[in-house]
Amino acid sequence: MKTPAHAVEDPVTPAPPRPDSRPALILANLGTPESPTAKHVRPFLRDFLTDRRVVETHPALWRPILEGIVLTIRPARSARKYATIWRPGHETSHSGSPLMHHTERQGELLAAELGDAVQVRIAMRYGEPALGRVMGELCRRIAVLPAYPQYSASSQGTVIDEAARFILASRDQPELRTIRSFPDSPAYIEALATAIEKHWERHGRPDPASGGRLLLSFHSIPQAMHDAGDPYRSECERTAALLTARLDAPEGLIRTTFQSVFGPAAWIGPATIDTVGELGAAGCPRVDVICPGFMADCLETLEEIDQLNRQTFTAAGGGDFHYIPWGNDEPACVAALAEQARGALSGWVD
């Protein structure tokens with residue numbers, strides 16, 4: 001039977017796209033402002049510094065200080081620091097952030113390493129792409145890999161908190177796996193050792209007999225967190241002991257220090273910047289610094305260590321200063337992440 005000439009056939013409604021049913025791995029890092037400006041640094045800092053895992057002071061006491069002093073003064077200062085490390089040509093976008101750039105690259109390399117059976121996404125705990133939003137775009141099986149080798153309540157703890165908040169708010173909850181930490185992972189220790197040995201092949205090895213040193217600079221945490229039972233320091237010391245053994249380092253060559261202190265409270269130490277100042281004043285001929293807790297270069301490694309600590313060391317009278325990058329898209333770093341990812345995805349993929 002012919003359709004009348006005046007009749008209009010119903011348009012074919014396309015089927016909705018089928019959701020990606022593959023298990024997902026989320027590589028989660030701290031986060032970054034959208035641009036190196038006070039306008040974008042301020043909301044990023046507010047998000048970060050209102051997390052009760054990061055600042056444990058009661059909000060009734062902390063918020064007036066945060067809003068009245070910290071967020072009035074610090075955004076402009078931090079923006080100037082970010083501007084010194086932002087990638088040229090990307091001044092107005094996330095992709096100018098070294099942390100974002102390197103994390104995106106790690107995600108791409110992990111996807112290639114893990115194969116098509118897994119969807120790999122990146123997320124940030126503070127800022128975009130927000131962890132909760134990314135989880136909401138995925139299937140029912142999600143593994144979250146925080147890019148922090150050593151556990152602290154203020155690092156992995158807050159990432160896992162945010163994942164749990166997503167679960168609590170979900171009617172159709174996904175199956176969730178998380179990686180707690182990996183301070184003694186063989187692939188992780190090997191990644192650190194490989195970067196140091198390659199650096200020494202090019203520049204020679206510091207001589208402890210003449211005062212040369214290798215500093216392992218970890219992010220610090222408040223002493224009160226440590227006293228309350230946070231295992232972070234012990235996990236940093238575990239990494240340092242294994243790396244020292246792997247390098248077969250002579251006595252006196254390696255020292256463990258802590259960086260990125262904020263505010264007037266006591267923090268675990270010794271402080272990296274105090275240590276380099278003391279070494280410089282003592283006429284140390286050379287100091288090498290590696291940051292084992294940072295898997296992607298960021299403000300704390302590129303500005304704080306490679307600029308501020310370098311200046312402090314040389315101004316005090318020290319000799320050569322070397323910052324040793326080890327993470328980012330280095331094959332050994334990606335292999336360390338892939339080792340953790342495969343463990344988390346076990347049973348979901350072949």
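**Loops and sheet**

Modeller: Pro 129 sits in the loop between β2 and α4 (131–136). Keep in mind that this is a predicted model.

Biologist: What makes the peptide bond from Glu 128 to Pro 129 cis?
Modeller: Its omega is near -5°, and the bond is cis. Another cis bond joins Gly 269 and Pro 270, with omega about 10°. Pro 270 belongs to the loop between β6 (254–259) and α9 (272–281).

Biologist: Why is Asp 248 called exposed?
Modeller: Exposed means over 50% relative accessible area. Asp 248 has 65% relative accessibility, so Asp 248 counts as exposed. Asp 248 is in the loop between α8 (232–247) and β6, and its phi is positive, near 50°, in a residue other than glycine.

Biologist: Why does Asn 328 count as buried?
Modeller: The cut-off for buried is under 20%. Asn 328 is at 8% relative accessibility and therefore counts as buried. Asn 328 also has a positive phi, about 60°, although it is not a glycine. Its loop runs between β8 (320–323) and α11.

Biologist: How do you know that β1 and β2 pair?
Modeller: Pairing needs at least two bridges. Seven bridges join β1 (residues 24–31) to β2, and the strands run parallel. Ala 28 stands opposite Ala 123 in β2.

Biologist: Which strands stand at the edges, and why?
Modeller: The order in the open sheet is β2-β1-β3-β4. β2 (119–126) and β4 (175–178) each have a single partner strand, so one side of each lacks a neighbour in the sheet.

Key: Residues are numbered from 1 along each chain as its sequence is written. This is a predicted model: local features need pLDDT of at least 70, side-chain atom pairs count only at pLDDT 80 or more; totals for chains, interfaces and linings use all residues. Side-chain values use heavy atoms; hydrogens and water are left out. Helices (H or I, at least four residues) and strands (E, at least two) are DSSP runs, numbered from the N terminus. Buried means under 20% relative accessible area, exposed over 50%, partly exposed in between (1.4 Å probe, protein chains only).
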